[in-house]
Amino acid sequence: MQIKVTREWCESKARLEAGAEIGAGIIAADPIIGHVDERDHATEESHQAFRRFVELRRRSLGVSIEKLAEQADVDVGELLNIESDAHFLPETRTLYQLSQVFGVSHQKLMGLSGLTQPKDVSYVKEAVRYAAKSGSIEELTPEEQAALDGLISVLSEK
Amino acid sequence: MNQTSFDRSRIFLVKTEINALVEAELWDAITDKNLADWEAEWRPETEKLLKELNREGIETGLWPQSRHWDWRAKTVEIQERITNQCFSVVCENQTQAMMITELTHRAKIESQKNAHLVYVEFLEAAPWNRSELIARPTRFGGCGSILVKAAIEYSIAEGFEGRIGLHSLPQANDFYGNKLKMTDLGADSRYQNLRYFEMTQEQAKRFISEEH
């Protein structure tokens, strides 16, 4: 496909553009491009499992949200949203930083969070199962610890 | 991704250093050459920029929002799809901007609701063509307008009468809303609350018109 354009048009538009930012597209580094219906397939359960994992792992480390934000060098507001808002989509960098602190696979964490659509969803299903086994009380119960151990095992590099 | 067969169109960009037009090319493809430029030139330059932003104490929320984009992965993913069309702007033998479009989205503006349009899936300028938050001269100006024109011409060629749509990165809202005067349909909760902009047939016609 060829286009025809004059010097005058190009100059006029370039002067108008004047170094403006022009980026367009979703912020996530997800290489899987799909239209809206495919994005809707990222399940509520997967998001919940992700939230649950972040909360459990943080509590197992014995740190507050603020302290974790400091350790992972991420925004504390974003961490609050991750743990409290089921529909919140975290930044790619935040997931990378958390994966380093938590000692799990960055790619798998992205898949669980819904930021990417993993080609192999088996680990997501396993993670959802482990997350569903944990309740929400302050200290980790033995069951929560067992669920967390399972989540870490599923999300670790293989 | 080889793509030896593609069309080149003669275009012009403003070279900031001399404040004058220079000849460039619009390719209707993203080739190995473009991806090599992205890996060897764009990424190191982006890293330098991020270090500079970090040194200046700019909070990460204001850093370039496309900094994690992987153009090689994106193009590998779409290369089998006939609903995707790529474009790149090349000047002085370097890739200055790239764009991926696709055809499955439908219009949202009430007057053209559900009509077919060309959707700009990703669009990015080379880091040296972006002024970002640290005031510095860019190398070439006009890439965004050229790519938007390409999307409009593609829309016309597909029978969609020039209609286009895109989700703007927050730092580009001014360009699409105020400079290009696209219709702003507001934050889209299905796309990370990015603002969705759309052009009608009339807006597209005005934009590509040679009367300015």
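Visitor: Which residue is the bridge partner of B:T183 in β9(B)?

Guide: In this predicted model, β8(B) is joined to β9, residues 194–199 of chain B, by four bridges, and the two strands run antiparallel. Within that pairing, the partner of B:T183 in β9(B) is B:E198.

Visitor: In what order do the nine strands of the open sheet of chain B lie?

Guide: The pairing in this open sheet is mixed. Strands β6 (140–141) and β8 (183–188) of chain B each pair on one side only, and these are the edge strands.

Visitor: Over how many bridges do β3(B) and β4(B) pair?

Guide: These strands form a hairpin with two residues between them, and B:E92 in the turn has a positive phi of about 50°. B:C91 stands opposite B:Q94 in β4(B). The pairing of β3(B) with β4(B) is antiparallel, and the number of bridges is eight.

Visitor: Which residue of β3(B) is the bridge partner of B:L26?

Guide: β2(B) and β3(B) pair over three bridges in the antiparallel sense. The partner of B:L26 in β3(B) is B:V89.

Visitor: At about what angle to β4(B) does helix α1 of chain B run?

Guide: Helix α1 of chain B comprises residues 32–55. This helix lies across β2 (20–27), β3 (84–91), β4 (94–102) and β5 (118–125) of chain B. Its angle to β4(B) is about 120°.

Visitor: What angle does the direction of helix α3 of chain B make with that of β4(B)?

Guide: Helix α3 of chain B, residues 143–157, packs on the sheet. The strands it touches include β1 (8–15), β6, β7 (164–168) and β9 of chain B. Its direction and that of β4(B) make an angle of about 35°.

Visitor: What is the handedness of the crossing of α3(B) and α5(B)?

Guide: The axes of α3(B) and helix α5 (residues 201–208) of chain B come within 10 Å and cross at roughly 130°. α3(B) is therefore oblique to α5(B). The handedness of this crossing is left-handed.

Visitor: How many residues in the contact of α3(B) with α5(B) are nonpolar?

Guide: α3(B) contributes B:S145, B:V148, B:K149, B:I152, B:E153 and B:I156, while α5(B) contributes B:A204, B:F207 and B:I208. By class, one residue of this contact is polar and two are charged, and the number that are nonpolar is six.

Visitor: How far apart are the axes of α1(A) and α3(B)?

Guide: Helix α1 of chain A, residues 7–17, packs against α3(B) at an angle of about 120°. This angle makes α1(A) oblique to α3(B). The separation of their axes is 8 Å.

Visitor: How many charged residues does the contact of α1(A) with α3(B) have?

Guide: From α1(A) come A:W9, A:C10, A:K13 and A:E17, and from α3(B) come B:C143, B:G144, B:S145, B:I146 and B:K149. Four residues of the contact are nonpolar and two are polar, and the number that are charged is three.

Visitor: How many of the eleven residues of α6(A) are buried?

Guide: Helix α6 of chain A spans residues 92–102 and is mostly covered. Its buried residues include A:T92, A:L95, A:L98 and A:F102. The helix is followed by A:G103, whose phi is positive, near 75°. The number of buried residues in α6(A) is eight.

Visitor: What is the handedness of the crossing in which α4(A) passes α5(A)?

Guide: The axes of α4 (residues 65–72) and α5 (residues 76–84) of chain A come within 9 Å and cross at roughly 120°. The two helices are therefore oblique to each other. The contact is made by A:I65, A:E66, A:L68 and A:A69 of α4(A) with A:V76, A:L79, A:L80 and A:E83 of α5(A). The crossing of α4(A) and α5(A) is right-handed.

Methods:
Residues are numbered from 1 along each chain as its sequence is written. Chains are lettered from A and ligands numbered from 1 in the order in which they are written. This is a predicted model: local features need pLDDT of at least 70, side-chain atom pairs count only at pLDDT 80 or more; totals for chains, interfaces and linings use all residues. Side-chain values use heavy atoms; hydrogens and water are left out. Two strands pair if DSSP finds at least two bridges between them. Contact means heavy atoms within 4.5 Å. Axes are lines fitted to C-alpha atoms, for helices over the stretch in contact, and angles run from 0 to 180 degrees between N-to-C directions. Angles under 35 degrees count as roughly parallel, over 145 as roughly antiparallel, 65 to 115 as roughly perpendicular and the rest as oblique. A crossing is left-handed if the near helix is turned anticlockwise from the far one by less than a right angle, and right-handed if clockwise. Ala, Val, Leu, Ile, Met, Phe, Trp, Tyr, Cys and Pro count as nonpolar, Asp, Glu, Lys and Arg as charged, and the others, Gly among them, as polar. Buried means under 20% relative accessible area, exposed over 50%, partly exposed in between (1.4 Å probe, protein chains only).
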